[in-house]
Amino acid sequence: MRGKPISAKAIFVLCFASFLAGSLFTNQNWTHPSRAKDNRIAIIPHHVTKLQELKQDWDPKRKMVEGKPGDIMGEVQKTHEAIKSLESTMSTLEMELAVARTVQSNEQHYSLEKLANHSLQKAFVVIGINTAFSSRKRRESLRQTWMPKGDKLKKLEKEKGIVIRFVIGHSATPGGVLDKAIDLEDAEHKDFLRLKHVEGYHELSTKTRLYFSTAVSLWDAEFYLKVDDDVHLNLGMLMSTLARYRSKPRIYIGCMKSGPVLSQKDDKYYEPESWKFGEDGNKYFRHATGQLYAISKDLAAYISINSPILHRYANEDVSLGSWLLGLEVEHVDDRSMCCGTPPDCEWKAQEGSVCVASFDWSCSGICNSVKRMKVVHDSCGEGEGAVWNVNL
């Protein structure tokens, strides 16, 4: 090259970057066909293509020959950006490989026979509605209001990537009357996700952990959401909200709170491990209220991978918050996810601020939701066509 001499530092950076990029692209261990076949682990084509594009866009030898001496520092900067992009892509690949291995080896979350015959379905969001055996009327109130059913539910899943399922486990007597009732209801509506889990109020943390692990094993979604069956949702506003954060790899969205740690056994939300949170009267760390929250793909994958060692506190929203507390996670406090019932959500809708979710804090859901869900929907619903107008 002619022109100004190149500094030793610039030459070192370019040589190191060339070596790193060459190592990444020539190392075939992680894409070896026999390993992929034996372990049933498939590399996501999207990421392989991205790596190939990055290699084509950045060729240090070509840049050195074609570029002008004055452009060297600019190329160094581009090299730095390319390396950062490669690191991000490789990190994502490692996460997806770990999830695939977990799905293959885990016999606790779902039927192995079903997993063997099930390829991951792409989705934008998986919405798991936490429900119980005694909540048949609550489920019907949702099917009659904000939750599509039948062909509309299938269409929403196929065309918009919005998967909605009632999440429930099994009774303490497998195959009993309660389980058969759910089987019949599922055969009619086909809107359940059954977990290998024994239902019980004090097992909600375990159920939440299993829900995310199972959902990750079945759907490759950008977001995974949990909502209670006595909460009103506006799907269009929910999708618009989530879409704003789709570029964030580790996002935790909900109405953040920090309630008191209750140490008395007769309290409804009694925490047996209250001593871990310090002196009496202390509060929990900030976490999303349990009525509704969403996490991004990487966080759901983290829960799935580390499921056996994630500690469960008495309250499932506290448990989830504790699992994410020590991670590099962005907490989003979105108050549109916890609007009140009419007139609160009605006033906000009239002002143009349609709520994502509505419920009554005093009841930890909509009070008398079976009778009032339709009233809330008529007053605060966004309209059936809203979700179809959201560009995802």
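This report describes the overall make-up of a predicted model and then turns to strand β4 and one of its residues, Asp228.

## Overall architecture

The protein comprises 392 residues, 45% of which count as buried. Its secondary structure consists of 15 helices and 9 strands.

## Strand β4 and its partners

Strand β4 spans residues 219-228 and is mostly covered, with 9 of its 10 residues buried. It pairs with strand β1, residues 121-130, in the parallel sense over 9 bridges. Within this pairing, Lys122 has Asp220 of β4 as its bridge partner.

Strand β4 is also joined to strand β7, residues 287-296, by 5 bridges, and these two strands run antiparallel. Here the bridge partner of Phe223 is Ser296 in β7.

## Asp228

Asp228 belongs to strand β4. Its relative accessible area is 15%, so Asp228 is classed as buried, the cut-off being under 20%.

Beyond its neighbours within four places in sequence, Asp228 is in contact with Ile129, Asn130, Gly290, Gln291 and Ser364. Of the strands that pair with β4, β1 covers residues 121-130 and β7 covers residues 287-296; the contacts of Asp228 include Ile129 and Asn130 as well as Gly290 and Gln291.

Note on methods
Residues are numbered from 1 along each chain as its sequence is written. This is a predicted model: local features need pLDDT of at least 70, side-chain atom pairs count only at pLDDT 80 or more; totals for chains, interfaces and linings use all residues. Side-chain values use heavy atoms; hydrogens and water are left out. Buried means under 20% relative accessible area, exposed over 50%, partly exposed in between (1.4 Å probe, protein chains only). Helices (H or I, at least four residues) and strands (E, at least two) are DSSP runs, numbered from the N terminus. Two strands pair if DSSP finds at least two bridges between them. Contact means heavy atoms within 4.5 Å.
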